[in-house]
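Work through the exercises below with the sequence and the model open. Each task is followed by a solution in steps.

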Amino acid sequence: MYAVVAGGGKVGWNLARELIAKGHEVTLLESDRDRYLTIEQELEHAVQYGDATELWVLERAGIQRADLVIAVTGDDEDNVLICQVAKEKYLCERIIARVNNPRNREWFALLNIQPVVSATDLILRLIEHEVPSYGLVHLLDLRDEQLEIIEVEVLEGAPAAGRTVAEVSLPDGALIISVLRDGGGFVPKGDTLINAGDEVLVVLDPGLEDAITAQFAPPAARR
Amino acid sequence: MLAAGHDVSVLDDDPLSHERLDAGQATSWEDAGGQFTVGTAIEVEALQEAGIEQADVFIAATHGDNTNLLIAQIAQKGFEVPNVIVRVMDPGRAAWYAEQGLRTVCPTQKAIEMFDEAIKEIV
């Protein structure tokens, strides 16, 4: 695979290094001369000096034959535009954009730039995952497919506690796909008993979260 | 544009720009009917405060091509402003985005043409 990576910061440099180690061909683009010279000592010809928002720089990097374009500069405007021209001018099928400021996420969506990776959002997810009292953790958003997977803890006294999977009244568009218990996980059947203290993974249509958490928290603890 | 009788709202992240609008004028920008908002143009709240939802024309003329190209498309596709004009210094991208339906103004291209004319007059 041939990947063009725009932006030689910590993310871009390490990403390029990993991709090269996995046997892929990579061109990393860096617009700061000093930074470029530093990276060049390690990556040699795999890094080029130039502003990745300029068309000739992208063309010099061979964007026309790139299988993947990854925009990870520290500037959201740059990342949007690099991906936009990669996709619409050079017809690159796969792009990945970094969102520096989560508030800009909607602009990436507006211009159809996806998937996006936001470190801030990832850290938030990790916090949600590490702080169990939070109740519900979004594991995966498949926006295109209109599906989400969430992790939710079964609290003492919840409607679902002590019932079988088949008996839990979930709305249409939601399905229990896994039960995590005693450090392990398994795929449940209809007659699997759900206990308080279990964690369950539920795949659902977006917007059903409230109806689902209601089943796994006792009435008083609902938020 | 204000002098031509239009309602004009300026959005700029530098309050100094406001003073520049007043410099050498008999009346202040506001007294002359202008609006000024301090803010960043990729922030929804700033755009709304500046009145983008009522705008007939949106002009993106910050000193950054990438910022201009993004906010012009936000105005066009996000807020459906009927007329969007965007300054792009880089002739290559000015041409491509023009093909994509953005009304681009490229001072660099204009300067090249003017130099070209000037040279023709000499030789």
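**Exercise 1.** How many residues does the contact take from chain B and from chain A?

Solution. This is a predicted model, in which local features need pLDDT of at least 70 and side-chain atom pairs count only at pLDDT 80 or more, while totals for chains, interfaces and linings use all residues. Residues are numbered from 1 along each chain as its sequence is written, and chains are lettered from A and ligands numbered from 1 in the order in which they are written.

Step 1. Apply the contact criterion: C-beta atoms, placed from the backbone, lie within 7 Å.
Step 2. Chain B contributes 13 residues and chain A contributes 13 residues.
Step 3. The most comes from α3(B), with 8 residues.

**Exercise 2.** Describe the sheet of chain A and the helix packed on β1(A) and β2(A).

Solution. 
Step 1. The order β3-β2-β1-β4-β5-β6 (chain A) makes an open sheet of 6 strands with parallel pairing; a pair needs at least two DSSP bridges.
Step 2. At the edges are β3 (47–49) and β6 (116–118) of chain A, each pairing on one side only.
Step 3. β1 (residues 2–6) and β2 (residues 25–30) of chain A pair over 5 bridges, and Val5(A) stands opposite Leu28(A) in β2(A).
Step 4. Helix α1 (residues 10–21) of chain A touches β1, β2, β4 (68–71) and β5 (94–99) of chain A, and its direction makes about 165° with that of β2(A); axes are fitted to C-alpha atoms, for helices over the stretch in contact, with angles from 0 to 180 degrees between N-to-C directions.

How values were computed:
Two residues are in contact if their C-beta atoms, placed from the backbone, lie within 7 Å. Helices (H or I, at least four residues) and strands (E, at least two) are DSSP runs, numbered from the N terminus.
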